[in-house]
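User: I would like to learn how to read cavities, pockets and salt bridges in a model like this one. Please give the general idea each time, then the case at hand.

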Amino acid sequence: MGDDGKQVGIVLVSHSADVAAAVAELARGLAGGAAAVPVAAAGGTEGGGLGTSAEMIAAAAASVDRGAGVAVLTDLGSAVLTMKALLAEGDELPPGTRLVDAPFVEGAVAAVVTASAGGDLDAVQAAAAEAYDYRKV
Amino acid sequence: MLDADFFRRWMTVAAASVDREAGRLTALDSAIGDADHGSNLQRGFRAVAATLEQEAPDTPGAVLALSGKQLISTVGGASGPLYGTLLRRTGKALGDAAEVDTGQLAEALRAGVEGVMALGGAAPGDKTMLDALVPAVDALGDGFAAARAAAEAGAEATTPLRARKGRASYLGERSIGHQDPGATSSALLIAALEEAAGTAEG
């Protein structure tokens, strides 16, 4: 949470609408049903196909922006490139929006848990990135 | 000198070329990608042509900035942010000038190509659109025809390369022997420059 009690927003961008929505649900569930954390999924294209929609990302970011910044996690390929292009050139995203370098599922869980515990944008970013360090074997 | 009309024509000609070649681009992409390059770019450039007709931006920089923005929002695949960044960055480099010369365009396109490299992390030789764009920008000082020839040669030269970036890189050795769809569409974009200039002269 920022100093003023505002919560960090989380946006999950996947090539698939189902994957983005399911990871959002999983992260909320594992965060103890953190209903208060603003999490939005931006999956697939407007037409319902596999791909990335810049407009859906911008709309999702705007919908979770509470003034404490927005952490965006992506899966791969065009999801990463579209986010980077939006950050580099455009004015479509709310101020304080960041692309967080993290594994998609594990990073989303860490980000939502941290945001629900009141972490600020730096803390959310660090927690999500740290998910890379949890080795499985 | 090249004015906003020239740049609008460039985008319109590019949209027509992509329309015409969409099947070939998708066929190339079905060999080493996910078979959507033609249809994705077709959707993007159709949107560009429609927007330019509606909004009629009045400087070269504004035409390219608007076109790039449109590609990023409508393509839906990696080529959207890549081509979108190319055009946006090129447009930004052209500034507010009402007219630019070929030298200024070459310089601005180089900035655009550098933007693409920074975004995608690819270099020439990785079997990407850069293999057509970089030689084209190098040759642009000798005119649009030279740029077109360089881009087409660059695209053809991707066939024996092994992909090191993008989805085709998952295929490793199996990406060898196929012409890169991104380099092929980049050659279309550069060829459209020559055609747009030819329309003006003729």
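Analyst: Start with the span of residues 5–195 of chain B, whose end C-alpha atoms lie 13 Å apart. The span is 71% helix and 1% strand. Helices (H or I, at least four residues) and strands (E, at least two) are DSSP runs, numbered from the N terminus. In UniProt, an unreviewed entry lists residues 5–195 of chain B as "domain: DhaL". UniProt positions are given in the numbering used here, feature names are shortened, and annotations may be inferred rather than shown by experiment.

User: What should I know about the model and its numbering?

Analyst: This is a predicted model, in which local features need pLDDT of at least 70 and side-chain atom pairs count only at pLDDT 80 or more, while totals for chains, interfaces and linings use all residues. Residues are numbered from 1 along each chain as its sequence is written, chains are lettered from A and ligands numbered from 1 in the order in which they are written, and side-chain values use heavy atoms, with hydrogens and water left out.

User: How many cavities of 30 Å³ or more does the structure hold?

Analyst: The general idea comes first. On a 1 Å grid over the protein atoms alone, a cavity is a set of points where a 1.4 Å probe fits but cannot get out; a pocket is an open set with protein on both sides within 12 Å along at least five of seven lines; lining residues have an atom within 4 Å of a point. Grid points are joined across faces, edges and corners, and a volume is the space filled by probe spheres set on the points. Here there is one cavity of 30 Å³ or more, and the largest cavity contains about 40 Å³ of space.

User: Which residues line the largest cavity?

Analyst: The lining consists of Ala14(B), Val18(B), Leu41(B), Phe45(B), Tyr83(B), Ser185(B), Leu188(B) and Leu189(B). Helix 1 (4–32), helix 2 (37–55) and helix 8 (181–201) of chain B each contribute at least two of the lining residues, and helix 8 of chain B has the largest share, three residues. By class, seven are nonpolar, one is polar and none is charged. Ala, Val, Leu, Ile, Met, Phe, Trp, Tyr, Cys and Pro count as nonpolar, Asp, Glu, Lys and Arg as charged, and the others, Gly among them, as polar.

User: What is the volume of the largest pocket?

Analyst: Its volume is about 1,200 Å³. It is lined by 50 residues, and the closest to its centre are Ser78(A), Leu81(A), Ala78(B), Gly166(B) and Arg167(B). Among the elements giving two or more residues to this lining are helix 3 (78–89) of chain A and helix 4 (79–94) of chain B. Helix 3 of chain A gives the most, with four residues. The lining divides into 18 nonpolar, 21 polar and 11 charged residues.

User: Which residues lie nearest the centre of the second largest pocket?

Analyst: They are Arg24(B), Glu152(B), Thr184(B), Ala187(B) and Leu188(B), out of 14 lining residues. The second largest pocket holds about 190 Å³ of space. Helix 8 of chain B supplies the largest share of its lining, five residues. The classes are four nonpolar, three polar and seven charged.

User: How many salt bridges are there over all chains?

Analyst: A salt bridge is a side-chain nitrogen of Lys or Arg within 4 Å of a carboxyl oxygen of Asp or Glu. The count over all chains comes to 13. One of them joins Arg98(A) and Asp122(A), at 2.8 Å from N to O. Arg98(A) lies in strand 4 (residues 97–99) and Asp122(A) in helix 5 (residues 121–130) of chain A, so the pair ties together parts that are 24 residues apart in sequence.

User: Which residue forms a salt bridge with Asp19(B)?

Analyst: Arg46(B) does, with the closest N and O atoms 3.0 Å apart. Since Arg46(B) lies in helix 2 and Asp19(B) in helix 1 of chain B, the pair ties together parts that are 27 residues apart in sequence. Arg46(B) is partly exposed at 49%, as is Asp19(B) at 33%.

User: Where do Arg24(B) and Glu21(B) lie?

Analyst: Both are in helix 1 of chain B, three residues apart, and so separated by about one helical turn. Arg24(B) is partly exposed at 41%, whereas Glu21(B) is buried at 18%.

User: Which residues are linked in a network of salt bridges?

Analyst: Glu92(A), Lys69(B) and Arg88(B) are linked in such a network.

Technical notes: Buried means under 20% relative accessible area, exposed over 50%, partly exposed in between (1.4 Å probe, protein chains only).
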